[in-house]
Structure formats: C-alpha cells, structure tokens
Amino acid sequence: MELVTPGIGLIFWQTVTFIIVLFLLSKFAWKPIMNALNERETSIENALSAAEKAKLEMQGLKAENEKLLAEARMERDKILKEASDAGNALVETARQKANEEGARMIAQARESIENEKRAAITEVKNMAAVLSVDIAERILRKELSNPQAQQELAKDYINEVTLN
Amino acid sequence: MKKLFILLFSFLTISAQVEAAAEGGEFKPGDMITHHIADDYTWHFADGVTLYLPVILIDNGTPKVFSSSNFYDENHAVVPYDGYMLSHGHIYRADASGQQAADQSSLLDFSITKNVASLFISVALLLVVFFTIAGSYAKGKGRAPKGIQSFFEPIIIFIRDEIAKANIGPKYERYMPYLLTIFFFIWFNNLLGLMPGGANLTGNIAVTLVLATMTLLITVFSGNKSYWSHIFATPGVPTWLAPIMIPVELIGILTKPFSLMVRLFANITAGHIIILSLFSLIFIFESIFVAPLSVAFAIFMFFLELFVALLQAYIFTLLSAMYFGGAVEEHDHVGDHGHGDGAH
C-alpha cells in the first residue's frame with residue numbers, strides 16, 4: 001500500500017519542476033531545435049529539387065545542343081551538296097561551251113576549208129583554162145604554120161559565122 | 001561504453017551487498033527491497049556515504065525546515081526531533097514521550113527527499129543536455145549534426161515523425177514540446193534509476209500520477225467538438241442508452257491516463273524488484289556459490305531494464321500522442337473510433 005500511495009511532497013515538487021522544465025525546454029530547446037530541423041529539411045529539399053531542376057535543364061540543353069548539331073550537320077550537307085551541284089553545273093556549262101566552241105571552230109574550219117577548196121578549184125580551173133588556152137594556142141600555132149591550114153580555118157569560121 | 005557498463009554492474013552489486021551487510025542480523029529481502037524502492041529522507045550511496053536531505057514541513061501553515069540528520073543519533077538510530085518523528089519512511093508529529101501523536105491533521109511534508117533530489121538532478125541534466133544541443137543547432141545552422149546532437153537528433157525526429165505526426169495529424173506541432181519533454185524526462189529518469197544508488201523516481205506513483213494528469217489535462221483541454229460529441233452523444237448509439245454511455249465515456253477519459261500512471265510505475269518498480277530479488281538470493285542462501293547465477297540473471301535483467309527504460313518512455317509518449325490525436329481528430333463519418341488504448 002505504501003508503494004501505491006502518492007506523497008503530497010513529491011506530487012508538489014514533480015508538478016512544479018516538470019512545468020518549469022517543460023516551459024524552459026519548450027522555449028529554449030525544443031523551439032530552436034524543431035525550427036533548425038525544419039529549416040534544414042526545407043533547405044535539403046530545396047537543394048534536391050534545385051539539383052533535379054538543374055539536371056532537367058542540363059538534359060534540355062543537351063537535347064538542344066544535339067538538335068543544333070544535327071541542324072548544323074544538315075546545313076553543312078546541304079551547302080556541300082549545293083556547292084557540288086554548282087560545281088557540276090559549272091563544269092557542265094564549261095563543257096557545253098567548249099563543245100559549242102569546238103563545234104563552231106570545226107564548222108568555221110570546215111567553211112574556210114571549203115572556201116579554200118573552192119578558191120583552189122577556181123584557181124585550178126583558171127590554171128587549166130590558161131593552160132588549155134596556151135596549149136590551144138601552141139597547137140593552133142603549130143597547126144597554122146602552113147597557110148593552107150590557115151585558110152581552111154578561116155573558111156570554117158566564116159562558115160560558122162554565116163550560119164549564125 | 002562497455003567499460004562503463006561493467007563499472008555500473010559492479011557498483012550495483014557492491015552496493016547491494018554492502019546494504020545487506022550493514023543491516024546486520026537476519027536478512028530480510030522484503031525490507032531491503034522496499035527500502036530501495038521507496039522514497040527516503042537521506043540518500044544512501046554506500047555504507048557510510050549518506051547524504052542527509054532537508055526536511056520541509058508545513059505544520060498548520062507554518063513552514064519548518066531542518067536537516068534530516070536530526071532524526072538520527074550518532075549510532076544511526078532513529079530519534080524524534082523538535083516534536084516530529086520518523087517512522088516507516090514518513091514524518092509524523094510526536095508526542096512528549098516520543099511516540100506517534102494521535103493528531104496528525106494538516107501536517108504537510110514537502111521535504112526534498114531522495115526522489116525530489118534525484119528529480120532535480122535529472123532535470124538539471126535534461127536542461128544541460130538539451131540547451132547544449134539547441135546551442136549546437138544555433139551554431140551549425142543548416143549543417144550536419146555532430147557529437148551529442150547527432151545522437152539525439154534521430155530520436156527527436158522519430159518522436160516527431162513516428163509518434164506525433166503519425167498519431168496526432170496536422171496539428172502535431174502544438175504537442176511536440178510536451179511529447180519531447182515527457183519522453184526524455186521519463187527516459188532519463190528511468191536510466192538514472194538504474195544507476196547504482198539511483199532513486200526510483202519513475203517507479204514512484206506520485207511522479208507517474210503527475211505525468212498522467214498532465215496528459216489528461218492536455219487531452220481534455222484540446223478536445224474539440226467532435227471529441228466531446230463522441231462522449232456525450234456517441235454517434236450511432238440510441239439516445240436511451242445515454243445514461244449508460246455518458247458515465248462509461250467519462251470513466252474512459254480517466255482510465256486512459258490511469259493506465260499510463262500504473263503502467264510506468266509498475267514496469268519500473270517491477271524491474272527494480274526483480275534485480276534486487278536476484279541479488280537477495282545470495283543472502284537468502286547464504287552461499288557465495290549462488291552469486292554467479294544470481295549475477296548472471298541480474299545482468300540479463302539489467303539489460304532488459306535498459307530496454308524497458310526506453311520502451312516505457314516510448315509507450316508513455318506514444319499513448320499520450322494517441323490521446324491527443326483522439327482529442328483533435330475531426331470525425332468525418334459515424335463510428336470511427338480509431339484510437340483505442342493499446343495496452344502494453
């Protein structure tokens with residue numbers, strides 16, 4: 001019975017002391033401790049979320065970089081293709097021009113050859129004419145060395161004229 | 001740490017033996033155990049090392065303060081002093097012949113007994129420890145805890161997250177100071193009670209009575225509308241049952257803290273009794289050969305008691321939090337009695 005009979009003295013001291021301790025600890029220990037814990041938890045949480053955000057941003061940046069790189073690559077390919085096309089076109093036109101020029105030159109050469117040929121033929125003709133006249137003259141001269149023959153010829157001419 | 005425990009055990013053993021030897025004559029284990037568990041006006045650390053504590057009496061409104069050493073003569077026999085006498089651990093008015101007077105009314109004993117002195121020591125320890133911790137939080141703002149701070153931080157966080165948040169809900173913050181204080185108060189005192197020469201403070205019904213009353217008062221004063229409506233008009237119960245239900249519910253309010261009071265008192269006192277009984281076996285059998293067995297069991301019990309010291313602090317705090325949770329809970333639907341008394 002002794003054990004389960006609370007004594008007034010201890011009840012008094014326990015109540016007073018406990019209330020004082022509760023007050024002191026609440027004000028000077030629990031409050032700052034709980035605040036510090038909460039603050040630290042918030043700051044850790046913030047840091048974590050910031051890290052997460054940074055990670056996402058990094059990923060975004062990386063993706064963008066890759067996109068830019070791909071675009072740049074495409075651009076390069078396009079430029080290279082265009083350049084090669086332009087080069088090809090240039091070569092093609094040059095070749096065409098050269099062909100044309102060649103053809104023209106050939107045509108010109110052909111023409112001048114033709115002209116030359118014609119001139120040469122004319123000359124040959126003239127030469128032949130002169131030669132034939134000369135030959136005819138010489139023949140005639142030889143033929144007409146006797147007066148009989150001259151007369152005969154004259155007679156022929158006269159016949160011919162009269163006939164005309 | 002290990003060394004400290006060994007030292008503790010050896011002290012406990014020695015002090016128990018010394019105590020028994022000092023009493024002389026026939027060994028009465030019951031008396032020895034009661035003497036160890038009960039409160040006292042002196043603090044007996046070891047044979048010959050006794051601290052006489054002040055006696056404070058309010059006799060018919062007049063305060064009287066004197067040292068308890070006045071009750072003992074040079075042979076350590078109990079003698080009456082100034083019209084008062086010490087008998088069976090209590091102070092009574094003495095008559096002229098040194099016998100207990102018939103009239104004992106309005107004699108209030110506010111002495112600084114062994115338990116009160118132990119209470120002051122534990123409270124000083126609590127204040128020093130937690131002010132130091134609060135200081136290190138102020139110094140190392142936002143930084144990782146270190147030293148003693150890192151030992152207590154997980155415990156504080158456990159009380160906050162697993163006890164307060166889990167059982168009280170969103171309004172938990174209001175109750176944190178009380179929950180932390182009772183937890184550490186009970187734990188520290190349980191451990192101090194296990195120290196050699198320590199007082200059995202948390203195994204004293206007056207202390208557990210005060211703690212349980214605090215929980216009761218906080219519960220009653222934080223009870224919201226739905227808490228009281230559950231008591232005076234329990235939903236789902238026919239009105240004609242009210243004459244039975246209301247007294248039952250009102251008794252229920254009291255039985256919860258009553259169980260807190262008895263549970264802590266009985267657990268701690270029982271632990272002390274078991275350890276002391278095991279040591280008493282040596283003297284009962286009057287054989288040194290019983291000692292190894294006795295000591296082995298006592299060591300086992302001591303470890304168990306170290307665990308019980310923490311467990312009881314946890315249970316007291318947990319159940320208090322549950323009662324607060326029941327008082328502030330908003331009951332949305334009928335018949336939601338989520339908070340029973342989890343008996344341990």
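This is a predicted model: local features need pLDDT of at least 70, side-chain atom pairs count only at pLDDT 80 or more; totals for chains, interfaces and linings use all residues.
Reader: Where should I begin when I look for the interior of the structure?

Author: In soluble globular proteins, nonpolar side chains tend to be buried together. In this model, the largest nonpolar core holds 82 residues, and Phe130(B), Phe152(B), Leu179(B), Phe184(B) and Phe185(B) touch the most other members. Helix α1 (8-143) of chain A supplies at least two residues of this core, as do several helices of chain B, including α3 (114-139), α4 (148-168) and α8 (242-285). The largest share, 16 residues, comes from α9(B).

Reader: Which residues is Leu179(B) in contact with, leaving aside its neighbours within four places in sequence?

Author: Those contacts are Ile159(B), Ala164(B), Ile168(B), Thr317(B), Ser320(B), Ala321(B) and Phe324(B).

Reader: How is chain B divided into domains?

Author: The domain assignment gives domain 1 as residues 54-111 and domain 2 as residues 115-343 of chain B. The C-alpha centres of these two domains lie 35 Å apart.

Reader: How should I describe the interface of chain A and chain B?

Author: One may begin with the residues in contact: 34 of chain A meet 51 of chain B. The two chains bury about 3600 Å² between them, and 80% of that area is on carbon and sulfur atoms. Polar features are also present across the interface, where six residue pairs are in polar contact. The count of salt bridges between chain A and chain B is two.

Reader: How do I read a salt bridge?

Author: Side chains of opposite charge can pair when their charged atoms come close. Over all chains, the whole structure has nine salt bridges. In one of them, Arg160(B) pairs with Glu41(A), and the closest N and O atoms are 2.8 Å apart. Arg160(B) lies in helix α4 of chain B and Glu41(A) in helix α1 of chain A, so this pair joins two chains.

Reader: Is Arg160(B) buried or exposed?

Author: Arg160(B) is buried, because its relative accessible area is 2% and the cut-off for buried is under 20%.

Reader: Which salt bridges within chain A may I examine next?

Author: Lys117(A) and Glu114(A) form one, with their closest N and O atoms 4.0 Å apart. These two residues are three residues apart in helix α1 of chain A, so about one helical turn separates them. Lys117(A) is partly exposed at 45% relative accessibility, and Glu114(A) is partly exposed at 32%. Salt bridges may also share partners: Glu41(A), Arg160(B), Asp161(B) and Lys165(B) are joined in this way into one network. Within chain A, the side chains of Arg76(A) and Asp77(A) also meet in a salt bridge, at 3.5 Å from N to O. Asp77(A) is partly exposed, with a relative accessible area of 41%.

Reader: Where is Lys171(B) found, and which residues does it touch beyond four places away in sequence?

Author: Lys171(B) is found in the loop between α4 and α5 of chain B. Not counting residues up to four places away in sequence, Lys171(B) touches Val328(B) and Glu330(B). The relative accessible area of Lys171(B) is 35%, so this residue is partly exposed. From Lys171(B) to Leu276(B), the separation is 105 residues in sequence and 44 Å in space, C-alpha to C-alpha.

Definitions and conventions
Residues are numbered from 1 along each chain as its sequence is written. Chains are lettered from A and ligands numbered from 1 in the order in which they are written. Side-chain values use heavy atoms; hydrogens and water are left out. A nonpolar core is a set of buried Ala, Val, Leu, Ile, Met, Phe, Trp, Tyr and Cys residues joined through side-chain atoms within 4.5 Å. Buried means under 20% relative accessible area, exposed over 50%, partly exposed in between (1.4 Å probe, protein chains only). Helices (H or I, at least four residues) and strands (E, at least two) are DSSP runs, numbered from the N terminus. Contact means heavy atoms within 4.5 Å. Domain bounds come from an automatic or database domain assignment. Buried area is the accessible area (1.4 Å probe) that two parts lose on being put together, summed over both. A polar contact is a pair of N or O atoms within 3.5 Å; within protein, one must be able to donate a hydrogen and the other to accept it, and residues adjacent in sequence count only if both atoms are side-chain atoms.
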